[in-house]
There are 2 protein chains.
Amino acid sequence: MPLIPVTDPDDPCLAPYRAVRERDVVGHGERFVAEGEVVLRLLVEGGRGAGPRFTTESALIAEARVAALSELLSALPGHVPVYVAGREVMDAVVGFPIHRGVLAIGRRPAPETAAGLLARLPERALVVALSGVSNHDNVGGIFRNAAAFGADAVLLDGACCDPLYRKAIRVSVGASLVLPFARGGSGAALLDALDGAGFDTLALSPAGAQELGDAALADRTALLLGAEGPGLSADLMARATTVRIAMAGGFDSLNVATTSGIALYAATRSRLTGA
Amino acid sequence: MPLIPVTDPDDPCLAPYRAVRERDVVGHGERFVAEGEVVLRLLVEGGRGAGPRFTTESALIAEARVAALSELLSALPGHVPVYVAGREVMDAVVGFPIHRGVLAIGRRPAPETAAGLLARLPERALVVALSGVSNHDNVGGIFRNAAAFGADAVLLDGACCDPLYRKAIRVSVGASLVLPFARGGSGAALLDALDGAGFDTLALSPAGAQELGDAALADRTALLLGAEGPGLSADLMARATTVRIAMAGGFDSLNVATTSGIALYAATRSRLTGA
């Protein structure tokens, strides 16, 4: 791997790393920013038994971290530049303190449609579908849970935030780099794709008709979640089997990421025990 | 209720609201800061069928919000001052933009011991016990889940963060203002209190001996959780029934707040169905 020392914060080769937070707001285009060792490892090596899903364009590593990361960095293709900078140069480029000293730029492939993604899944599959979940922490948390319980994919409508937003990747502990996803279109189009691929959709809602743990699971099951507050639209609910999580009542409903964890637990346990 | 207009950011009556973030770091002593309408309602009115657990010392409300909040503010005891300020004065006092325009100062009573709290609980009780969970978001999320599933109390050892820290209250959606809790001492002392009160303790760990959903639940059950990363100490694990959440493997374990949600779901469902 070519280690390239950089001492000038204005070095043009570091342009993709410049003012990361400001660019988070407007998006990084085809590129995304990966932060931290665990995330970089999933970017470079892939996970869940599959190789990397994205191209790593470059890495920017704090001098003090290079030795400890040498094995991981040597797994990068030989042509990928690894920029090495002192902590002060790194912070000056990025615009805030990068405590972990590990950044990389990834490049996303051409986006896949929900229908295309679902067609690739096995006959027995579990997916998480999101409509209007725009909070980065929640999307990241849902990817983390989906990976932990072995879900096959995540579908997001166009009102959801980008799972490759820097903070969403970080909160997902890199799950959004290894779990296949498709994003775009309306919630209705997302249900069209699920219906077309033979998925039964369980829509999670405090107003669900049956208790989550009592719901029968088809071989191909989707767990559909909406944003906290507004929840799922009546149109989407009408097209799905609605399920609720039994709660104490008299208190605010659950956070949507927590809800995804409980639904994934119940769905995978139901399959394991045949209950 | 006495509405007291304030136009000078240096007005001494607003001292408890000054530089809230800096004071978060060192603590507010006997006082704590409640933020937002939902949280203020739980502070003033209580929840879960019980009255308020804390004394409200004062409130600071943005002029633009007073009319909409009049019913809630009139529920305050007559002697509690409600300061009313323009948004700019409010932001200047607090030190950052208070978008919701609703703050209040609460006062905590003398702390209760874990043993004292457990002695007050019904014969059939579910509590959440935390050891070393120092992240405010996680403690707030755990309180939210505990309230949602109707847990009776939360116990925290001294290495956990304060549930009345401003951000923990906010993330808990006010649950830490309505759910009884005791905090302090070692994890071992916490297990002593649980043992002494006849509680069976289920310790959640990826290395747990049995699957969560297979665990039998005693009338008095505690769910014990440790911090992400280090997890529970071997000493505490050895004194409890250890349970794991079946996961896909090959991926990072769950966030501790999500774990609490799944454990509470499994425990309360098991009781409902007698499974």
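Buried area is the accessible area, taken with a 1.4 Å probe, that two parts lose on being put together, summed over both. In this predicted model, local features require pLDDT of at least 70 and side-chain atom pairs count only at pLDDT 80 or more, whereas totals for chains, interfaces and linings use all residues. Residues are numbered from 1 along each chain as its sequence is written, and side-chain values use heavy atoms, with hydrogens and water left out.

Within chain A, an automatic or database domain assignment gives domain 1 (3-107) and domain 2 (114-273), and the centres of these domains, taken over C-alpha atoms, are separated by 30 Å. About 1500 Å² is buried between domain 1 of chain A and domain 2 of chain A, with 61% of this area coming from carbon and sulfur atoms. On the domain 1 side, Asp24(A), Arg48(A) and Arg53(A) lose the most area to domain 2, together accounting for 40% of what that side buries. Two salt bridges are counted between the domains of chain A, a salt bridge being a side-chain nitrogen of Lys or Arg within 4 Å of a carboxyl oxygen of Asp or Glu. Glu35(A) and Arg166(A) are joined by a salt bridge with an N to O distance of 3.2 Å.

Between chain B and chain A, about 2600 Å² is buried, 62% of it on carbon and sulfur atoms. The contact (heavy atoms within 4.5 Å) draws 34 residues from chain B and 34 residues from chain A.

Methods. Chains lettered and ligands numbered in written order.
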